Amino acid sequence: MESQRSLLVIGLALVSFLLWQQWNIDTAPKPATPVTQQSSNSAGGSADLQLTTADAEQPAQVAATGNRTISVKTDVLDLEISTRGGDIVALQLPAFELNKGAGDAYPLMRRLPGFEYVAQSGLIGRDGPDDSRNARPVYNTAQESYALAEGAGELVVPLLFNHNGLQIEKRFTFTAGQYDVRVEYFVQNQSAEVKTVQPYQHLVQNIDNGESSSMMMPIYRGAAFGTSSERYSKYDFDDMAEKNLLEATNGGWVAMLEHYFVSAWIPDQQADNQLYSLVRSGQGVIGAKSPAVNIEPGSSVTLGSTFYAGPKTQDNLAKLANGLDLTVDYGFLWFISQPLFWLLTLIQGFVVNWGVAIICITLIVKGAMYPLTKVQYESMAKMRNLKPKIEELQARFKDDKQKMGPAMMELYRKEKVNPMGGCLPMLIQMPIFLALYWVFVESVELRHAPFMLWINDLSAQDPYYVLPVLFGLSMFLMQKLTPMQVTDPMQQKIMMWMPVAFSVFFLWFPSGLVLYWFVSNLISLAQMLYIYRGMEKKGLHTKKA
């Protein structure tokens with residue numbers, strides 16, 4: 001089997017996979033917004049939750065109390081907390097630019113006219129101030145802006161509120177260099193009766209978020225969750241519209257995902273929590289409720305959870321909750337992608353440049369596959385040696401196809417040639433190619449990572465299409481080195497135009513992936529020359545016709 005034909009099979013398989021994936025996205029049923037709150041889509045037991053922080057949806061007398069926002073800045077987070085409910089209503093990541101070179105921080109969460117993506121938390125239950133029977137509490141704060149001092153390890157932002165005999169402090173604790181925030185409620189019962197509260201936390205986002213994916217860059221934007229029995233599950237807005245999530249689990253987590261970034265709530269990992277979702281007024285919600293807590297008169301409790309908002313860095317996410325690192329979604333080949341990413345990261349630690357690391361991992365992969373590559377090219381050479389005998393059999397049995405098949409198999413057996421010998425390396429190379437594709441698409445470490453010269457973002461396509469053209473030229477050279485053995489004119493034309501087709505196909509691929517494949521072709525050319533010359537010395541390789 002020709003190497004070009006192997007590449008064609010790889011390309012067709014990849015295109016088919018991407019087309020199938022995009023077809024699933026495009027043809028999935030669109031979510032329908034429920035008409036009323038008491039619909040069948042409210043079965044998650046979340047009718048006691050207040051969904052929005054928008055002033056416009058509060059009673060006029062409540063809105064008049066003056067909702068304010070508190071500005072909080074750390075070395076990695078820039079966010080705003082609303083005094084109403086203590087919700088996070090805006091969050092930017094100053095270490096990540098929205099557009100490379102523009103200096104604009106990436107806006108992960110925000111509340112704008114017609115769009116809302118916020119993180120809410122509160123206390124519901126019989127005596128909870130955030131229960132739907134009450135207006136959202138408006139917390140008091142000592143100052144309207146907080147900033148992590150240089151050299152300081154922590155920043156604490158306290159919010160205070162008194163509610164029917166309960167003294168409540170909602171405290172946000174930020175740690176230098178970390179994207180996870182500890183959110184705790186310190187509740188003291190100053191009344192003469194038992195009080196019952198239940199902590200909850202959820203993420204709210206408009207279903208129509210204005211972003212879409214393409215075949216070359218499939219982007220999942222939606223919810224996900226993890227339980228003690230199922231570490232990672234996607235639950236998109238279509239799933240929410242069809243049926244609300246209702247999962248009981250010990251620990252667990254909920255998240256909203258987008259390309260490279262994630263926001264997540266991690267409730268008390270020792271508690272039996274209830275994960276839920278709902279769709280209201282064009283917004284999707286996913287969250288977690290912890291067990292209700294009874295507070296005796298004169299006593300106090302501390303209720304806590306962790307909020308994460310930042311890049312999908314696997315090591316950090318794995319430390320927060322079991323399975324949260326799987327939000328770096330490598331698909332069904334994750335077991336190949338994860339070790340490849342680990343190796344890529346290890347190499348980058350030595351060479352510093354991600355592009356150089358890609359070249360190094362290509363050398364390692366191709367070196368590890370050399371024994372299989374040798375089998376492939378030797379098989380191709382032996383098949384080429386058999387070409388005259390094969391043509392003789394085809395001429396002899398041209399009118400009897402039933403006899404030609406067994407005669408061909410007998411020839412292969414006698415000559416000790418496996419006609420499928422060239423397919424094995426291709427079958428192994430294809431999943432590696434797909435696994436690396438997902439590494440380059442999903443890994444935030446490659447986002448805006450420069451290589452050299454004109455390649456200043458390995459996660460984006462080559463702006464001048466130089467790498468795809470070089471890739472096409474390398475394929476052309478491989479064709480020249482291993483001339484086609486097919487006789488059908490149509491197949492010959494297809495093989496001849498393969499370098500052009502692949503170059504066009506790779507125009508929209510991340511430049512890091514094209515760099516990998518171009519370097520892989522160069523190594524294949526060198527290996528091919530070395531193997532063929534060795535066979536010629538042994539008299540096993542016929543001259544090219």
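Visitor: Is histidine 448 buried or exposed?

Guide: Burial is read from relative accessible area, and under 20% counts as buried. In this predicted model, histidine 448 has a relative accessible area of 16%, so it is buried.

Visitor: Where is histidine 448 found, and what is its phi?

Guide: Histidine 448 sits in the loop between helix H10 (423-442) and helix H11 (466-481). Its phi is near 60°, a positive value in a residue other than glycine.

Visitor: And what about leucine 453: what is its phi, and does it count as buried or exposed?

Guide: Leucine 453 also has a positive phi, near 55°, and is not a glycine. Its place is in the loop between H10 and H11. The cut-off for exposed is over 50%, and leucine 453 counts as exposed because its relative accessibility is 71%.

Visitor: Let's turn to helices. At what angle do H7 and H13 cross?

Guide: The axes of H7 (residues 370-385) and H13 (residues 511-537) cross at roughly 55° and come within 10 Å. That makes H7 oblique to H13. The crossing is right-handed.

Visitor: Which residues of H7 and H13 meet?

Guide: On the H7 side they include Tyr370, Tyr377, Met380 and Arg384, and on the H13 side they include Gln527, Met528, Ile531 and Met535. By class, this contact has nine nonpolar, three polar and three charged residues.

Visitor: How many residues of H13 are buried?

Guide: 19 of its 27 residues are buried, so H13 is largely enclosed by the rest of the structure. There is a length check too: at 1.5 Å a residue, H13 should span 39 Å, and its end C-alpha atoms are 39 Å apart, which agrees.

Key:
Residues are numbered from 1 along each chain as its sequence is written. This is a predicted model: local features need pLDDT of at least 70, side-chain atom pairs count only at pLDDT 80 or more; totals for chains, interfaces and linings use all residues. Side-chain values use heavy atoms; hydrogens and water are left out. Axes are lines fitted to C-alpha atoms, for helices over the stretch in contact, and angles run from 0 to 180 degrees between N-to-C directions. Helices (H or I, at least four residues) and strands (E, at least two) are DSSP runs, numbered from the N terminus. Angles under 35 degrees count as roughly parallel, over 145 as roughly antiparallel, 65 to 115 as roughly perpendicular and the rest as oblique. A crossing is left-handed if the near helix is turned anticlockwise from the far one by less than a right angle, and right-handed if clockwise. Contact means heavy atoms within 4.5 Å. Ala, Val, Leu, Ile, Met, Phe, Trp, Tyr, Cys and Pro count as nonpolar, Asp, Glu, Lys and Arg as charged, and the others, Gly among them, as polar. The expected span of a helix is 1.5 Å times one less than its number of residues. Buried means under 20% relative accessible area, exposed over 50%, partly exposed in between (1.4 Å probe, protein chains only).
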